[in-house]
Amino acid sequence: YLFVQVENVRLLDRVSSRKAALGTLYLTATHVIFVENASETRKETWVLHSQISSIEKQATTATGCPLLIRCKNFQVIQLVIPQERDCHDIYISLIRLARPVKYEELYCFSFNPKLDKEERERGWKLVDLSAEYNRMGIPNNYWQISDVNRDYGVCDSYPTEVYVPKSATAHIIVGSSKFRSRRRFPALSYYYKDNNASICRSSQPLSGFSARCLEDEQMLQAIRKANPGSDFLYVVDTRPKLNAMANRAAGKGYENEDNYSNIKFQFIGIENIHVMRSSLQKMLEVCELKSPSMSDFLWGLENSGWLKHIKAIMDAGIFIAKAVAEEGVSVLVHCSDGWDRTAQVCSVASLLLDPYYRTMKGFMVLIEKDWVSFGHKFNHRYGNLDGDPKEISPVIDQFIECVWQLMEQFPCAFEFNERFLIHVQHHIYSCQFGNFLCNSQKERRELKVQERTYSLWAHLWKNCADYLNPLYRSDHSQTQGTLRPQIAPCNFLYKFWSGMYNRFEKGLHPRQSVTDYLMAVKEETQQLEEELEVLGERLASLQKVQLNDNKVKSKQQDQHKELGRSTFNISLANTPQEYNNGLKSFPSRSPSQGDEEDSALILTQDNLKSSDPDLSVNSDQESGVEDLSCRSPSVGGCLPSEDSGKDSDEAVFLAV
Amino acid sequence: MEFAELIKTPRVDNVVLHRPFYPAVEGTLCLTGHHLILSSRRQDDAEELWLLHSNIDSIEKRFVGSLGTIIIKCKDLRIIQLDIPGMEECLNIASSIEALSTLDSVTLMYPFFYRPMFEVVEDGWRSFLPEQEFELLSSLTDEWRLSCINKEFSVCPSYPAVVIVPKSIDDEALRKVALFRHGSRFPVLSYYHKKNGMVMMRSSQPLTGTNGRRCKEDEKLINATLRAGKRGYIIDTRSLNVAQQARAKGGGFEQEAHYPQWRRIHKSIERFNILQESLIKLVEACNDQSHNMDRWLSKLEASNWLTHIKEILTAACLAAQCIDREGASVLVHGTEGTDSTLQVTSLAQIILDPRCRTIRGFESLVVREWLQAGHPFQQRCAQSAYSNSKQKWEAPVFLLFLDCVWQILRQFPCSFEFNEHFLIMLFEHAYASQFGTFLGNNESERSKLKLQQKTMSLWSWVNRPQELNKYKNPLFEANSLVIWPSVAPQSLQLWEGVFLRWNRSSKFLDEAYEEMVTLIEYNKQLKAKVNALRRQLAELETDDRMQENP
């Protein structure tokens, strides 16, 4: 193990530069760990190397050498290291550690949750795709499983098991695959059993300006015919028209409506990975601004274009879901390679169409189906191994945000809560579990990922109580059938997700969580139901006993505990922010007395130390995920009467 | 004047009403002195629209052939469309609505005609009296007194008849201070922080003028609120620049030379037409039907509405911080002391005082810090976002306050006894109401209008249990702490309940709210059952023991 330890390092607070924690910095083979000196808390901040997206060494100042670490889960850590040399060493080490070159260096190969082999195997079996296609009603009269790709012989980025129309022979499939980028031929993503309409996916055709492929045309016809109720097929190209046209010059492009019988071709302009990467970058710059004005923030958000892109993805998903559910028309979706935008759009459409994907289990299945199995390039997109920075792009982050935007519009429709989405995002980058390793199923099998690592889904499933949406009810109207988001006007429906992009700045979030409150209520309700039953039985037996004039003394006096939500204390101590911008303007003085320097009053929060565990980034060492729970420690049902608690969060009044 | 003279056509058949998210309804349109009523002829589910004329902000008319269309834009921001067959009918209806919605005389307003159909349990006009407030204060401190100096509204026309002032300052001194303050609004007590005995006072600007006039009594008055050796803060809700410019017009600010124990902080909060224009732009952005995401954000930004929210909240938080964290007393004023001053003093109390987060306490706050404190509701709320008459005195000052409360409520969803609907209800009634509560510009005007005798108080209606239930927050758990909201842009959001209320379907959000209520209600029922069973068991067991050990 590489092990570095540096003392007297300061961890700066992003919001208030005057708040800093003194502590020790450790570098292990897998984590950067900062432990505060303050004896009563010893607060720890853990950062996995795989989460690090950039490290910046800034100019040395009198107080030390600042090091800025930006993480893929949107945590930003500012350290000040006393010695320039230590700082340099750490910088160099981190650069190396954050960019592993071999999969074996990733955390999942050393992470050991102390499960036995059987448990691990069961974990991997939690999500079973062939069972999922069965659930959809496949195979049936129109669709079948094909073994044409059993040795990844046709397409190395596709799974071995692909579902295709029954009438599509191996000849047609192979022929079609030769006419598609990276041989990603049209295959089934989702089948809507109510009306036989389906969503299929592929890459772009190699049509150039005039090329044709009979087998590809037959393939599309087979897809259309697998939906006998409809006489045409939508082909949705999720790229902007200009991009698609430019591809023609490279011998790629899009389907010519004249060559394919009965297709309706449609562009839905979603920008490419490079635009998305830079959009996120711009938005994160806005999130990082120190005390921005409202205009800075809104202008920056608009300028990043991020929400516009989210809306474009949603619009595409909504279009497809509508075509399938309302028009009963099948849809073939593609972009260029069919592994980014296509994955986003297919999964958004599936989520809208099928309530199963809005359950916790179903959501896991959806990610396995549309992203993992169909060769979304997790390694390239999320930079797990050192690679081309131009391949990195927040493709699945955008999908996860689409789900959150839908959760905001349909609060009862999802079985899981925001925390679940945040943790899934975290683990896509953490490399703590094997699910998202590599770029394809083929690579994962070669690496024997399932034998050597653990599955995230089992880990999340085990803790599912933390991830439940208390408003979800399987018999609620929002959990039935298709979700129909409002279409126009709807710009205002898409909102900035501070829970994700300012995830680690707890001070910015609502200080009381409705979700946690309702979860506690539900938990208590369950206890009450149990107790009610016990009490009922006791009462019945006691009455019977009394009736028989047979007096038995009750042994269960101890049952008389106080009713109350012992696990949950909603009231919390919080602290004021800096409501007066910067020291310079405070206090303002009348111009007549401008020179009375010594009389400056300074409102500081220097020895602000929170007693609230929520304010700290408490690391769950096992998972590397900070504890998002909003529950304060039990105070035995009685609320603290004052918030001051002098020792803790007092703002200091340095008078005169 | 007879309303009948203004109603040229009292009734038109076959009128079609269009509203977003509802199917069109055909029915009969009737105009009365105060209402526009549309009732569908279908008996099964007779759909009706009752719209107060005073709620109408502006109307537009259009014609296609002989079919006329009137678009009615309301002060509560809703827009409805009426298709009226017949050009003459349409013109008549339009001009009648125009006349009826812009009546000059207050005494012609609906509250003077409204006859309540409910039993008045508690007269809202007597629910929140300054004397009661003073009684509460007296139990905590004896440093203050109730002064009747303004009994006939003769000293300060915009103050209530009685005010709370430092005990050591007599009425004679108050008279002198009144002459030194804009509109005679001398410093009075706004809030007493019982945790540390610090206070918040409010006033208008001092009339120092360019030659730095001073007033010994004024200095003495505000110093009387300081403990020995303590300092206080003066929060001026204008930028230093604006405050300096005010001197040229006879106004000004407290010179530190004359108020050495006070530190002045300038926090700029916008006023009047700037706020009104902001509201107009915001509502325009919300009603924009285009699909362009960028346009929405830049319009939202350009409206500056959220900037105002941030400024107001920041100033209020600062005032609260000075009182609670710095242990200092605070005096808040801007120019007149009737707008931004009240936003700051009332929001600071919501942050500091758990009582203000209850329904009753919030009502009391609105009465104390807005109605009695002389916020000119009639002027400010005369028109809303669709008005074309751009009068200088119209401004959504109260709406901004309610929006700020909503922002805090959103950040502390379990700390308020009331819910969002309560705030929306107050917004509606401030602009158009059957109740007299928000009529007039100050207590003096209300007294002359004899509102107490001639109109019903909003509080008489709201505070009945059946009505109150609608406004109770199911998540409420009394939180005795000071609540410090975040004022970062990421933490402030558009108040959809008001601004998108008519532009988006709230069906799914309403369902979620109901689900939440159901969860909590069921929990409460179970608790009651379990407690009852426990008691029953305990009794049985005691009986047992008594029989065992006689």
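Q: How many helices and strands does chain A have?
A: Chain A has 19 helices and 18 strands. Both are DSSP runs numbered from the N terminus, helices being H or I of at least four residues and strands E of at least two. This is a predicted model, in which local features need pLDDT of at least 70, side-chain atom pairs count only at pLDDT 80 or more, and totals for chains, interfaces and linings use all residues. Residues are numbered from 1 along each chain as its sequence is written, chains are lettered from A and ligands numbered from 1 in the order in which they are written, and side-chain values use heavy atoms, with hydrogens and water left out.

Q: Why is A:Gly338 called buried?
A: Buried means under 20% relative accessible area, exposed over 50% and partly exposed in between, with a 1.4 Å probe and protein chains only. A:Gly338 has a relative accessible area of 1% and therefore counts as buried. Its place is in the loop between S14 and H10 of chain A.

Q: What makes A:Trp339 count as buried?
A: The relative accessibility of A:Trp339 is 6%, so A:Trp339 counts as buried. A:Trp339 also lies in the loop between S14 and H10 of chain A.

Q: Which residues are in contact with A:Gly338, leaving aside its neighbours within four places in sequence?
A: Contact means heavy atoms within 4.5 Å. On that basis A:Gly338 is in contact with A:Arg184, A:Arg201, A:Ser202 and A:Ser203. A:Trp339, not counting residues up to four places away in sequence, touches residues including A:Arg184, A:Arg201, A:Phe374 and A:His376.

Q: Where does UniProt place the feature "binding site"?
A: The unreviewed UniProt entry lists A:Asn272, A:Ile273, A:Cys335, A:Ser336, A:Asp337, A:Gly338, A:Trp339, A:Asp340 and A:Arg341. These residues are spread over 70 residues of sequence, yet cluster in space, with a largest C-alpha distance of 12.2 Å. UniProt annotations may be inferred rather than shown by experiment.

Q: In what sense do strand S11 and strand S14 of chain A pair?
A: Two strands pair if DSSP finds at least two bridges between them. S11 (residues 197-202) and S14 (residues 330-334) of chain A pair in the parallel sense over four bridges.

Q: What makes S10 and S13 of chain A edge strands?
A: The open sheet of five strands in chain A has the order S10-S11-S14-S12-S13, with mixed pairing. Strand S10 (187-192) and strand S13 (263-267) each pair on one side only.
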